[in-house]
Amino acid sequence: MQVKVKLIGAFRTDRFKENIAEYPDGTRVEEIFSQLQIPKRALGTVLLNGLHARLDDVLNEGDTLTLLPILGGG
Amino acid sequence: MKSLTTDPAANPAAILYHRCTVDLKTGELRYTDVPCRNLEDVLGGFGRSFQDLAMRQIDNAYCDENPLIVNTGLLTGSTAMTALRTYFSGYSPIKGSKAGRPAAMWSTGSGKFGAKFKWTGLDELIFENRSEQPVYVLIKETVAGPQVELKPAEHLLGLSTHAKIMALQQEYPNAHFAAIGPAGENWQQNYMGAVALSTENQLKSKQDKCRFAGRGGMGSLMGYKNILALVAQSRDKLGKVSEAVKKVNLNVIKGGGSARLQPISRGGGGGTWAAYDVLQAFHAVPVNNFRPQGNAIPEKLFRENVEKEYDIKSEACYRCGITCHNNISEKGADGSKGEFLAKFDYEPLNLLGTNLGIHAAGEAARLIQLADNYGMDSISLGVTISYLLAYNERHPEKPILNGATFGDYEKIRELVIKAGEGELPEIGRGSMRLSQATGETGYAYHVKGLELPAYQPETNPGYAWAIAGGHMSMATYGLLTREGKSDLDSWVKGITQNKLHMVGFDMIGLCKFFDIANGIGTQMVVDCLKSEFNLEVSTDDIRAAVRRAFLRGLALELRQGYTKAEFCLPAEVSEDPNSHINLPNITSSEFIAQLEKRVWEIFEPELEGILD
Ligand code: SF4
């Protein structure tokens, strides 16, 4: 299946802004997240098709996954 | 601070803090060791000052009975990372109820002044009355204990915050400084004066790299008292860092708390500036007076775009490994670093940039620099100007003041300068008063008279119960955006339980970035108190003290004449919902009515007797 992955802020450094790639059916958010080698402590929010989602959510064909750093305050 | 107990929660009176009370009218000084009333007193900061403010009925911020209280937190000047905070408290000239009475307020900043102040041996300085002549206050360490002196300060009049600090540094090379700018000196016309706090970096580089205690006009109150600066002169007295505190400090750096704020080169988010990217994902970056347009315009001030043209350097306060400052300098054609411009923290950058329709980094930087040099709170200043621009946009046939509109840099710059010089009370007295004068209050973005920080109110109904700056005293600003919570139960719990604990940092002397997610009721803080002072305090005791301090703040607001109806968001939020913000709507009239009911049901019984 095809999934679009969007990265926000510092996550883009040495990675990409937006990338469409093929993943096996049943892939979970956390599998893509760990492939990207982003430190877990830096992850703030996961959006799936614009809605808040969790790392153990399963992706579907055509989904857009957005990974956001933690919102810092002040 | 004298400690005659190891159990301050059970025996607070056995902890005594050292206070100097200065009568500015007579010059009389009184030094006292004051026994603590409770754990809030022991922790310090606003936890202590609000108890003293509660003992006075003040109807006008500019009166002799309104004190200016300068104090530190228990951990200020300790080996714990970020332990640099100084607190300025008093009844605020800018934040007030519709009944016309000023709210109790505190403001805080880092830099090294707080640690130096603590190392003089003083914990608290209370200024009573006002001085006839401009003075600066020298607080110095002597063999006989801390000594306070009032010194003539005519030579400092009219200087910028930075220039005052530079002038004083010539005279006191081993000291640190807290100074107001021209805005604070013009306290009659400017209620948003800030206090600048010197940093090591500033004193070494001679560049205007201060930190600020900006909120609530404490710089204007200092100006009213005719105090232009404070000088804290002492040796550096940092103790040896114990193994326990080393572990805590490492956790501050490596743990989740500060990751987002560390430099990008270290895998962090690059300071608070990173909020631009995160909020833009929801189209929730304030644009043109808090009306995001659902477009890419805020991206112009994204770091990745600014760094193409400007040099960005991550810097830090004394000994702080979080390194949250992003200092922006001009960049030469050959990539060399040019003139230092300003620091890019999220709030000033947005509120003096995108939210005014200013999208060029250099222009935003110049406005921030001006606000800092005049010593004005960039949040109150930016939001008051954005209100004016919105008014002029709605009334093109009859604009007010200089007719500035969104994006008109030259005219906005003129407004900032004139406000700083005390020539524009319409701006200097804040958005609540300006909007009352125009009669169009619905799009003035303040809550309880204090301007909102750069988080859309649509994302944070918790602002209504914040007791100081909206984001520094109620950590609900990420509950919807970051955590995705849009149900009533989560919001009631956030406001009445876990998110109010953020105010604890403004008691104990630490930056919020020490552990922004958890507050101060943590084992890390318990370990620091044990190691630094041999105090045994439980996390539950700390959390209970923080809650009491917060509730005291709410009770003080009600006592100063706020009605419950004033605990509300700007009317535009519910009257004209912004469909561009890509988040669930949690500010409908129905949701807010339910939230108010349930929050007050929890808070109200606890407020009874809290000021006795
Ligand atoms: S977190 Fe930032 S403001 Fe706080 S002490 Fe560290 S560098 Fe200074």
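Both faces of strand E10(B) are covered: Ala175(B), Phe177(B) and Ala179(B) on one side and His176(B) and Ala178(B) on the other are all buried. Buried means under 20% relative accessible area, exposed over 50%, and partly exposed in between, with a 1.4 Å probe and protein chains only. This is a predicted model: local features need pLDDT of at least 70, side-chain atom pairs count only at pLDDT 80 or more, and totals for chains, interfaces and linings use all residues. Residues are numbered from 1 along each chain as its sequence is written, chains are lettered from A and ligands numbered from 1 in the order in which they are written, and side-chain values use heavy atoms, with hydrogens and water left out.

- Strand E10 of chain B covers residues 175–179, and five of its five residues are buried, so it is largely enclosed by the rest of the structure.
- Helices (H or I, at least four residues) and strands (E, at least two) are DSSP runs, numbered from the N terminus.
- E10(B) pairs with strand E13 (residues 227–233) of chain B in the antiparallel sense, over five bridges. Two strands pair if DSSP finds at least two bridges between them.
- Ala229(B) in E13(B) is the bridge partner of Ala179(B).
- E10(B) also pairs with strand E11 (residues 195–197) of chain B, antiparallel, over two bridges. Here Ala178(B) stands opposite Leu197(B).

**Chain B as a whole**

- Chain B has 22 helices and 18 strands.
- Its radius of gyration is 22 Å, close to the 25 Å that the globule rule gives for 612 residues, so chain B is as compact as a globular protein of that length. The radius is taken over C-alpha atoms, and the rule is 2.2 Å times the number of residues to the power 0.38.
- Along the principal axes, the C-alpha atoms of chain B fill a box of roughly 65 × 55 × 50 Å.
- Of the 612 residues in chain B, 66% are buried.
- Take contacts in chain B between residues at least 6 apart in sequence: 68% join residues at least 24 apart. Contact means heavy atoms within 4.5 Å.

**A three-stranded sheet**

- An open sheet in chain B has three strands in the order E14-E15-E16, with antiparallel pairing.
- Its edge strands are E14 (310–315) and E16 (337–343) of chain B, and each pairs on one side only.
- Neighbouring strands are turned by 35° against each other on average, direction ignored. Axes are lines fitted to C-alpha atoms, for helices over the stretch in contact, and angles run from 0 to 180 degrees between N-to-C directions.
- Helix H12 (residues 361–374) of chain B packs on the sheet and touches E14, E15 and E16 of chain B. The direction of H12 makes about 60° with that of E16(B).

**Around the ligand**

- Residues around the ligand include Thr82(B), Arg211(B), Cys317(B), His325(B) and Phe513(B). A residue is near a molecule or strand if one of its heavy atoms lies within 4 Å of it.
- The shell has eight nonpolar, three polar and one charged residues. Ala, Val, Leu, Ile, Met, Phe, Trp, Tyr, Cys and Pro count as nonpolar, Asp, Glu, Lys and Arg as charged, and the others, Gly among them, as polar.

**Helix H19**

- In helix H19 (residues 523–533) of chain B, the residues Met524(B), Val525(B), Val526(B), Cys528(B) and Leu529(B) are buried.
- Their cover includes helices H8 (243–254), H18 (505–508) and H20 (539–559) of chain B.
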